[in-house]
Structure formats: structure tokens, C-alpha cells
Amino acid sequence: MRAIRVYRTGGPEQMKLEELPTPEPGPGQARVRVAYSGVNYIDIYHRTGTYPKPVPFIPGSEGAGVVEAVGDGVNLRPGERVAWAMQTGSYTQHAVVDGWRLVPVPDGLELAAAASVLLQGMTAHYLTHSAFPLHQGHVALVHAAAGGVGLLMCQIARQAGARIIGTVSTEEKAALAHAAGADDVILYTKEDFREAVRRLTDRQGVDVVYDSVGKTTFTASLDCLRARGTLVLFGQSSGPVPAFDPNRLSEFGSLFLTRTSLAHYAADRAELLGRARDLFAWLAAGQLSLRIDRELPLEAAAEAHRLLEGRATAGKLVLACTTS
């Protein structure tokens, strides 16, 4: 089988296409013929060593395909269509996945869509439903509002009745964020987003900031919050936040700060299936739409990472692994 492997941390050039033996599932596992692999920023964190992994490893934390073989204790059959997230190893033609992570893909949902929605969709779900549950009347600031998670968050927040202020880098991305449900969009390349938020909220601030950028936005994000507001950090595309004195939370208005991970919000099969079923139901009902920025072949994994790191995408990137 063909697979991408990383032998040493570093740039996209560290991802090598190789021929490897097809793996066999053990107890509690299933082997999936991977149709599509979703590309996510966490894959970059793994490749660069920001989130260390033992080398060599196959990157990719999300995929969809067809079950080929199962080990003992797995309640799936060969031929079933499934998707998964939060397990590394999807940049390949055949992946062995823990059975409890595999979500059945409903009839009518394309595998490319299933590979595009699960990780980012469940992230958007837990952010808006659990980390800071949005309700009618809330005002939220969403950084990277035209990214994969951002576009989904705008749609989900609109269902909840919240007002969304998004930040983006270009006019084209602003149009996408507006179309997804953002009420106001700030071009941070042209305007200081902190001052724009103050203007848009009559200097009251927002109830919550959802921040996947990290280092370059952290302090200004705190300054966008109303008293007793919440900053939800869930990524660090600009780098990790420097050491921070918690006393500053009081100075900014007795704020709440959390650094979240999907792994802690889909920690067991019941929670995983609950979030996935909501996403699939919203897609089927037309309440949620996906934007796949582009589909690339497996061998173009390095190019996919360059595009994502360069903020040259609006929506989701997927790798086509074995689509026949």
C-alpha cells in the first residue's frame, strides 16, 4: 500500500511517499480502505513536533472509507462505510483504526464529505455546545472565520441565535464568512480587530472569543471580552501563547480562560457518536453545508500542508487516497 511517512520533524518536505505492507487489525481494531483523508492543522503540529509523536509515523488525524477486516470485539462488517477522527495514520490507502472511534456514514453522504466534517465539525460542535454553550443574545468573536472550523462554527452559532463577529484576511474570505452566518466580519489585515470589536459592540466587548491562532492574537483577544467573558483557546496556528500571569485575567475583567482539545470533549463512544450524529443530521437537513476548498492526491500531502500553513485555503482540504 502507499502511505505518507514522517521520519524526522520539520517542514512539509519531511513527508515521504512510500510503499508499505498492508496492516492487519488486532483485537478491538478494524482495517479501513481509506477513500479520503481530511487535512487539519493538528497534522502540521505533529509534523513539526509541536505535538510530539514517535517517529516514524503516518500523519493524518481524520479519514473515511470502507471496512475491509475487523478484529475481535468490533461490531462492524466488511463493506460498511465509516469515518473517524482523533487517531493518527490516515495519509495512507489502508489504515488500522480503533473500533470505538469508527462512525457509520449514513447513506447519501459522500465519503469526501464524511472525511471533511468529522474532526472540524466535532470541534465546532463542542466549542459552541460545551466549552462555551452559545444561546440567543450571546456575542462571539471567531478568529479564522473562513477556515474549516470557522465556517462550521458560524453556521452552528446562527442556529443557536448568537451574534457572530469573525476575523479573516481577505475580502473573498469575508464574503464566505458572511454567507456562513457571520453578522460582522473584520479584515484583520486592514483594521485592528480589537478596535473593531469595541466599535461593533459599543465598547461592551463580546461574551466569548474562540481563538485557534494563539500567540499573535492572545492578548488582544482577552481585551475584546466583556467583564467575566470567556476566552476559548483551541489551537495555535501562529505559535504557542507565551507564559502568562493569571492575575491578568482579573485586570481584564475577571475573565475565564480555557485551553481545550477535542479528545476531552469526545472522550468516549457515546459522546463521539452524539456529536457525529448531530453533524450528519444537520448535513442531511441542509442546516449545515461544507466547503471543500480542494481535493488533492495522496502524493500531494506536502503541498496540502504548505497551502494550510500559508493560509491559502478557505474551507477544507482533503487527500484522495483510494477512491475507486
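These entries record what I looked up in the structure.

**Basis.** I worked from a predicted model, in which local features need pLDDT of at least 70 and side-chain atom pairs count only at pLDDT 80 or more, while totals for chains, interfaces and linings use all residues. Residues are numbered from 1 along each chain as its sequence is written, and side-chain values use heavy atoms, with hydrogens and water left out.

**Entry 1: the sheet.** I looked up the strand order and found an open sheet of six strands, β10-β9-β8-β11-β12-β13, with parallel pairing. Strands (E, at least two residues) and helices (H or I, at least four) are DSSP runs numbered from the N terminus, and two strands pair if DSSP finds at least two bridges between them. At the edges I noted β10 (184-187) and β13 (256-259), each of which pairs on one side only. From one strand to the next, the twist averages 15°.

**Entry 2: β9, β10 and α4.** I then examined β9 (residues 163-168), which runs parallel to β10 and is joined to β10 by four bridges. For T167 I found I186 in β10 as the bridge partner. Across β9 and β10 lies helix α4 (residues 171-180), at about 160° to β10. Such angles run from 0 to 180 degrees between N-to-C directions, with axes fitted to C-alpha atoms, for helices over the stretch in contact; contact means heavy atoms within 4.5 Å.

**Entry 3: backbone geometry.** I located a cis peptide bond between V55 and P56, with omega of about -5°. P56 belongs to the loop between α1 (41-48) and β4 (62-70). M86, although not a glycine, has a positive phi of about 70°, and is placed in the loop between β5 (81-85) and β6 (94-98). S254, also not a glycine, has a positive phi of about 50°. I found S254 in the loop between α7 (247-251) and β13.

**Entry 4: the largest pocket.** I recorded about 1100 Å³ of space in the largest pocket. A pocket is an open set of points on a 1 Å grid over the protein atoms alone, where a 1.4 Å probe fits, with protein on both sides within 12 Å along at least five of seven lines; lining residues have an atom within 4 Å of a point. The volume is the space filled by probe spheres set on the points, which are joined across faces, edges and corners. Of the 48 lining residues, Y41, Y45, V149, S212 and F234 are the closest to the centre. Elements giving two or more residues to this lining include α1, α3 (148-160) and β9.
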